[in-house]
Amino acid sequence: MTLMMKAKEAAELVYIGITSQVEGWKPRGIQPCIATLLVEGDPASAYYAGAKRKLAGRLGIAFQLHAFPSDASEEELLERIRLLNADANVHGIMLELPLPKGISARTVENAISPAKDVDGVTPANKLAVVTGEDGLYPATPQACIRLLKHYGYSLSGKNVTLVGRGQTVGLPLFHMLQREQATVTVCHSRTPDIASHLRHAEIAFVAVGQPNLVSKEMMHEGLAVIDAGINEQADGRIIGDAATDIGDIAAAVSPVPGGVGTLTTAVLFENLMKALATQQGEVQPQ
Ligand code: NAP
């Protein structure tokens with residue numbers, strides 16, 4: 001019987017922790033606040049920003065949406081980030097992607113203060129992921145590991161195959177998995193035979209952005225698969241990178257939707273709480 005690694009319960013546990021921290025800041029007159037920059041024109045980004053607003057409201061977190069028209073300039077975004085960096089009432093800043101042509105996401109992201117970089121996109125936080133120093137790590141790779149552990153898996157000494165080495169998920173996950181003492185094999189677009197690497201794996205993480213890349217034929221009964229892929233279908237449905245029927249064979253599978261993405265949002269707000277604590281001079285355990 002395949003274990004379906006749904007994220008709802010793990011996410012709720014994170015929310016319980018956040019809610020109690022939000023309460024803890026109240027006597028000091030502090031309300032956690034996240035600011036999101038959104039350049040209009042991409043419906044998916046607008047949807048994700050709206051979902052964060054809703055969740056922030058539920059958690060007692062202030063949410064600022066900084067919306068820009070589709071013809072906004074890079075300098076306008078940079079100027080807003082400078083203001084938000086300097087605003088002591090704003091504790092986290094994030095940028096919804098994609099941005100229109102002509103605006104460099106890298107340039108805009110790099111302008112965010114590392115102390116408020118709840119998405120872990122600035123050079124300082126990317127370096128922290130590599131070195132293991134304290135920092136704000138990107139939410140999705142954290143969510144991948146957290147989800148697996150929630151279902152009782154450990155990573156130490158395990159053979160792990162990671163499919164995808166992208167900047168947002170695969171690359172930071174590679175570093176985090178090594179710190180978890182896993183033996184990690186990384187597959188990418190030039191890997192000729194992904195199945196051969198999955199054959200020896202006990203745990204697989206998939207973060208590519210291609211539906212059905214990982215198929216039932218590649219599975220074995222001892223494999224747990226965490227699927228971080230998000231692929232929007234023509235009919236609006238969201239599916240992952242692994243075919244839905246891998247569950248016929250694999251030991252455990254994370255669903256899409258309802259898996260990594262669900263926990264990612266929770267971890268993002270957890271990063272906000274960590275950022276706030278650090279800004280207030282308090283140390284939170286990693
Ligand atoms: P990315 O930067 O585009 O990287 C994609 C990776 O997949 C690259 O390493 C690429 O290899 C590899 N790849 C492409 N085609 C492949 C193939 N045929 N076989 C094996 N590997 C292949 O993507 P990303 O930003 O890391 O995101 C990865 C996925 O995670 C996307 O579906 C994205 O939507 C999703 N995502 C989910 C969340 C969430 O909250 N759940 C958050 C962020 C992203 P090369 O390095 O050789 O080019």
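Let's start with two helices: α6 passes α9 in a right-handed crossing, meaning that the near helix is turned clockwise from the far one by less than a right angle. Helices (H or I, at least four residues) and strands (E, at least two) are DSSP runs, numbered from the N terminus. This is a predicted model, where local features need pLDDT of at least 70, side-chain atom pairs count only at pLDDT 80 or more, and totals for chains, interfaces and linings use all residues. Residues are numbered from 1 along each chain as its sequence is written, and side-chain values use heavy atoms, leaving out hydrogens and water.

**The helix pair**
- Helix α6 (residues 139-150) packs against helix α9 (residues 260-279) at about 115°, with axes 8 Å apart; axes are lines fitted to C-alpha atoms, for helices over the stretch in contact, and angles run from 0 to 180 degrees between N-to-C directions.
- The contact (heavy atoms within 4.5 Å) includes Ala139 and Leu147 of α6 and Val260 and Asn271 of α9.

**The six-stranded sheet**
- This open, parallel sheet has the order β1-β11-β8-β7-β5-β6; strands pair if DSSP finds at least two bridges between them.
- At its edges are β1 (3-4) and β6 (183-187), each pairing on one side only.
- Five bridges link β5 (residues 159-163) to β6 in the parallel sense, and Val163 stands opposite Cys187 in β6.

**The three-stranded sheet**
- Here the order is β3-β2-β4, again open and with parallel pairing.
- The twist averages 20° from one strand to the next.
- Strand β2 (residues 33-39) runs parallel to β3, joined by seven bridges, and Val39 stands opposite Phe68 in β3.
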